[in-house]
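Colleague: I have the two chains open on my screen and would like to talk through how they meet. Could you take me through it?

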Amino acid sequence: LDSSFLRALRGGDAEAFTAFVRAYAPRVRRLAMHHFRSPFEQEDAVQEVFLLLHRQKTAIDPLRPDDVPGFVLTLARRRIYDLLRSKGREPAKEELSDEAWVSDGSAPFEQAANTELAELLARFEEKLSPKHRDYFRKVFVEGKDFDEARDLLGLKALRARYLKAVLLEKLRHHGPLLEYLGKRDGNPNRERS
Amino acid sequence: MSGHPLEDIDRLILGTLGEGAAVKTRQHLAACTPCQKRFDDGVLMLRAARGGLEQPGLGELDRIVARATAITEGNVAYQPLSRRVWGVALFAAAAGALLVLLWPTPTVGKVLTAGAELTIDGQPAAVDQPVPRGAKVIAAKGDSALLLDGQRGVLLREGAIARVEGAGDRVSLEQGRARFSVKPNAGRFLVLAGKTEVEVKGTVFVVDRKTNEETLVAVHRGEVEVRDGQKAVAVKGGQETTVKAQVASPAVEVRPGSLAEDRGDGLLDMILRALRKVLTAIDEAVGG
């Protein structure tokens with residue numbers, strides 16, 4: 001985020017704003033996750049934050065790029081607190097630490113600390129047919145681009161679409177995963193959707 | 001959950017939903033608790049698959065970025081509703097959702113035979129599963145058959161996508177090939193393939209939507225009327241016609257046993273052997 005980029009962003013350049021969103025989306029998302037439990041609410045909060053940042057873009061000083069992360073964090077917090085108040089809720093008691101705010105949050109599957117989750121996912125993969133397993137691993141676990149995974153596995157578009165829908169449905173009915181999520185939200189008898 | 005846009009919710013999560021439909025689905029989600037729970041659960045499942053619930057799931061960041069960057073295009077549809085209209089929208093959506101809940105989508109048929117991969121409205125389907133009105137049926141792998149209104153058999157060949165409309169008396173073929181078997185005197189039955197219409201009262205015929213611009217209709221028994229928007233062409237048993245660029249060719253006689261359905265693959269006997277069970281099931285079901 002150098003001065004020329006920030007000038008373009010201030011001037012309303014659409015490409016600059018897209019790059020800005022790409023750079024900050026993981027951090028803003030993390031902040032939203034800290035205050036909202038529902039992923040739907042988290043995504044709406046992120047959208048509201050970027051809407052505010054777009055409106056306030058002229059407040060960015062192109063000569064002080066180091067101040068941008070702090071500027072984004074301040075506006076993001078303000079907007080999220082407003083949203084919480086409009087829903088009659090209080091912000092989380094413990095604020096997100098600066099370290100958590102700046103960490104890239106893109107740790108790959110292998111680095112996942114949650115061994116319980118890793119184990120139950122391994123059991124889920126074991127139950128899949130080889131074709132389903134390959135696609136699940138490439139796309140759902142490793143996060144490969146859809147088209148790249150399709151080419152790698154030699155699948156037709158329709159077949160790939162089908163696999164995505166089927167694998168999501170299988171995840172929705174994987175008992176151990178439902179139990180895990182039930183424990184997380186305090187509802188051990190989580191219903192299968 | 002009948003009447004809720006379950007397929008669109010899953011497609012929104014998986015990143016395969018168009019922009020306009022995504023906006024509508026989000027508006028529905030904002031006012032419908034069960035659907036919002038489905039969205040939340042789906043996103044959490046995808047996050048879990050990445051190894052931790054803090055991780056962005058499949059397509060999650062792309063969805064966030066696409067939505068946020070639309071702000072610069074002045075696409076107000078992407079922006080959340082203002083508070084002023086929020087209450088009204090919530091009330092209207094809640095009333096609509098309640099109406100939908102109390103007014104379930106009627107069933108217009110069932111699955112007779114299911115191929116290796118068959119979906120109805122995005123969900124895997126099995127034999128005897130009901131087919132609701134407006135359902136989108138995809139035979140992704142293997143052939144599958146439906147029985148509509150107890151009188152019309154539809155064999156969806158592998159790769160076919162069809163939407164069942166009306167009271168099971170209308171099928172829109174969006175892609176691929178399908179064979180229809182209609183009980184005599186079963187009333188009006190219409191097959192739509194783009195702008196081409198095939199109307200029938202009792203017959204066995206095939207519609208193959210080869211491309212958006214080319215549709216082939218082949219009749220085994222009985223008679224159908226093919227309309228290309230300008231004129232109607234009568235096609236009798238043992239005849240076929242092709243509609244290209246919205247113009248239907250005159251019906252032509254075809255050597256017995258070599259209608260397009262079979263000729264297309266060039267393996268008549270093998271195909272018929274493989275399909276015999278399904279075709280018999282359809283014929284028994286419609287009494288043909």
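Colleague: How much area do chain B and chain A bury between them?

Modeller: Bearing in mind that this is a predicted model, chain B and chain A bury about 5200 Å² between them, and 62% of that area is on carbon and sulfur atoms. Met45(B), Arg50(B) and Ile71(B) supply 12% of the area that chain B buries against chain A, which is more than any other three residues.

Colleague: And how many residues are in contact?

Modeller: On the chain B side there are 58 residues, and they are in contact with 62 residues of chain A.

Colleague: How many salt bridges are there between chain B and chain A?

Modeller: The count is 8 salt bridges, and one of the salt bridges joins Asp62(B) to Arg22(A), with the closest N and O atoms 4.0 Å apart. For polar contacts between chain B and chain A, the count is 15 residue pairs, with both residues at pLDDT 80 or more.

Colleague: Which element gives the largest share of the side of chain B that touches chain A?

Modeller: That is α3(B), which gives 14 residues, while the elements that give two or more residues also include α1 (6–14), α2 (19–31) and α4 (60–69) of chain B. By residue type, the side of chain B that touches chain A divides into 27 nonpolar, 14 polar and 17 charged residues.

Colleague: Changing topic, what is chain B itself built from?

Modeller: Chain B has 7 helices and 18 strands, and of its 288 residues 50% count as buried. Chain B exposes about 12800 Å², with carbon and sulfur atoms supplying 54% of that area.

Terms used
Residues are numbered from 1 along each chain as its sequence is written. Chains are lettered from A and ligands numbered from 1 in the order in which they are written. This is a predicted model: local features need pLDDT of at least 70, side-chain atom pairs count only at pLDDT 80 or more; totals for chains, interfaces and linings use all residues. Side-chain values use heavy atoms; hydrogens and water are left out. Helices (H or I, at least four residues) and strands (E, at least two) are DSSP runs, numbered from the N terminus. Buried means under 20% relative accessible area, exposed over 50%, partly exposed in between (1.4 Å probe, protein chains only). Accessible areas come from the Shrake-Rupley method with a 1.4 Å probe; for residues, only the protein chains shown count as cover. Contact means heavy atoms within 4.5 Å. Buried area is the accessible area (1.4 Å probe) that two parts lose on being put together, summed over both. A salt bridge is a side-chain nitrogen of Lys or Arg within 4 Å of a carboxyl oxygen of Asp or Glu. A polar contact is a pair of N or O atoms within 3.5 Å; within protein, one must be able to donate a hydrogen and the other to accept it, and residues adjacent in sequence count only if both atoms are side-chain atoms. Ala, Val, Leu, Ile, Met, Phe, Trp, Tyr, Cys and Pro count as nonpolar, Asp, Glu, Lys and Arg as charged, and the others, Gly among them, as polar.
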